[in-house]
Amino acid sequence: MSQKTDAPPTILMIELDDDTRPILKYNLHRRGYCVVVALEEEDAIALARGVRDRPNLILINQIDLPIDDVFNMGRHIRQGAELPSRTPIVVMAERYGEDMEGKDVKVGESEYLTYLEDGEQLMNLLHRLCPV
Amino acid sequence: MVTENRLLAALPRELYKKLAPNLKRVSLKQGTILHHPGETIKNLYFPIDCLISITVTMNDGSTAEAGMVGNREVVGVNAFMGGRETTQTEYIIQIAGSAIQVEAQPLLEEFDRNKDLRDVLLRYTQALIAQISQTTGCNSLHVLDQRLARWLLESQDRINSDDLKLTQEFLGHMLGVRRAGVTQAAQKLQEKNLIRYHRGHVQIIDQQGLESFSCECFRVIREEYDRLLGAKDRDG
């Protein structure tokens, strides 16, 4: 068990967009996270169960789905992968006005909806929920 | 600071004097659409310090940029071609500023009888085709972070400023990608100390580094423009 304390935290990233996926993964790696990439719910559950270091946080890009559906997907993944119920779920909102930019909204016990004004905002939120 | 359009400045002095009564300086606000698809072009615009995007909109409302028009270019080349309507494209002001507006009719009349004017406008049209061709290839083949770098360089080169006032949403429309993609690509460029990005402002802080990071398209287009329109003084 002692060797696990040195392992960087793992983020389970569900990113459907082909343009965004490699850059987001790169940016997370650069900040010291291990990243497990999935394209859909079942895939995410299987991956989260299989990796040696269990995900410490689930990160999902909203893409074209309604927000509630995205959070439900996150909860199913958390449950299906038998992750602790306090494992944070972070959803990146897709469409929003300037008035929402820069806001991180807590929508559940450990669930967050972020309206990014820049990439640093996401990194700050992840670091707060899951320090490297 | 830019005070003139370089394409207009390249015209012979006598020809410029002749056109002068038809030239009018106008201010253009961000988001203004100069030509809608299908409209006959009534005015051409020679940008001074504004930046204009040529965009294509699909049936589902998604958009992408097909080309850019800035300080050594002109909007409305269709005006002196066979069909004088814009085609499927829109011309939208991306960075506000001023331009010289000229009515299409007198310019077309002069185009028909003046070889010097024809030479300048046709050389520019050739450069524009080169730009659009390269953009097509770039959009298909290059990754988003390289394309964003190239796009910022193209914009900077056209308005001669390192500070670009652009939102993520607007950049997403121009690059034809999702907002999250722009956010992450900008973050990557920022972490490499190439740009600074905050709340709708992009500042290029390492020009050489950004050029090295970008795909080859910026250099290819710049060389083609320099060949066709004369090298641009980039020191001032």
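How many residue pairs are in polar contact across the interface of chain B and chain A? The rule finds twelve, both partners being at pLDDT 80 or more. Keep in mind that this is a predicted model.

**The interface**

Let's look at the side of chain B that touches chain A. Four elements of chain B each supply at least two residues to it: α5 (144-159), α6 (168-175), α7 (179-191) and β9 (195-198). Helix α7(B) has the largest share, with nine residues.

In terms of contacts, 20 residues of chain B meet 23 residues of chain A. The two chains bury about 2100 Å² between them, and 43% of that is on carbon and sulfur atoms. Three residues stand out here: Arg178(B), Arg179(B) and Gln184(B) supply 34% of the area that chain B buries against chain A, more than any other three residues.

The rule also finds six salt bridges across the interface of chain B and chain A. One of the salt bridges pairs Arg178(B) with Asp64(A), and the closest N and O atoms there are 3.1 Å apart.

The largest nonpolar core has 43 residues, and the members that touch the most other members are Leu28(B), Leu34(B), Leu44(B), Ile52(B), Val74(B), Leu121(B) and Tyr124(B). Helix α4 (residues 115-141) of chain B gives the most to this core, six residues.

What does Tyr124(B) touch, leaving aside its neighbours within four places in sequence? Its contacts are Leu7(B), Val69(B), Arg72(B), Glu73(B), Val74(B), Val77(B), Tyr225(B) and Leu229(B).

Ser155(B) sits in helix α5 of chain B. Is this residue buried or exposed? Ser155(B) counts as buried, because its relative accessible area is 0%. Not counting residues up to four places away in sequence, Ser155(B) touches Leu51(B), Met68(B), Gln94(B) and Leu164(B). Ser155(B) is also 9.8 Å from Ser53(B), C-alpha to C-alpha, although the two are 102 residues apart in sequence.

**Helix α1 of chain A**

In α1 (residues 20-30) of chain A, the buried residues include Thr20(A), Arg21(A), Ile23(A), Leu24(A), Asn27(A) and Leu28(A). An α-helix has 3.6 residues a turn, so residues three or four places apart point the same way. After α1(A) comes Gly32(A), with a positive phi near 100°.

Chain B has a pair of asparagines worth a look, each a residue other than glycine with a positive phi. Here they are side by side.

| Residue | Phi | Relative accessible area |
|---|---|---|
| Asn160(B) | near 55° | 40% |
| Asn193(B) | near 60° | 54% |

Asn160(B) is in the loop between α5 and β8 (163-165) of chain B, while Asn193(B) is in the loop between α7 and β9 of chain B. Asn193(B) is classed as exposed because its relative accessible area is 54%. Asn160(B), at 40%, is therefore classed as partly exposed.

Terms used: Residues numbered from 1 in each chain as written. Chains lettered and ligands numbered in written order. Predicted model: local features only at pLDDT ≥ 70, side-chain atom pairs only at ≥ 80, totals over all residues. Heavy atoms only, no water. Contact = heavy atoms within 4.5 Å. Buried area = accessible area lost by both parts, 1.4 Å probe. Salt bridge = Lys/Arg side-chain N within 4 Å of Asp/Glu carboxyl O. Polar contact = N/O pair within 3.5 Å; in protein donor to acceptor, adjacent residues only side chain to side chain. Buried < 20%, exposed > 50% of the residue type's maximum accessible area, 1.4 Å probe, protein only. Core = buried A, V, L, I, M, F, W, Y, C linked by side-chain atoms within 4.5 Å.
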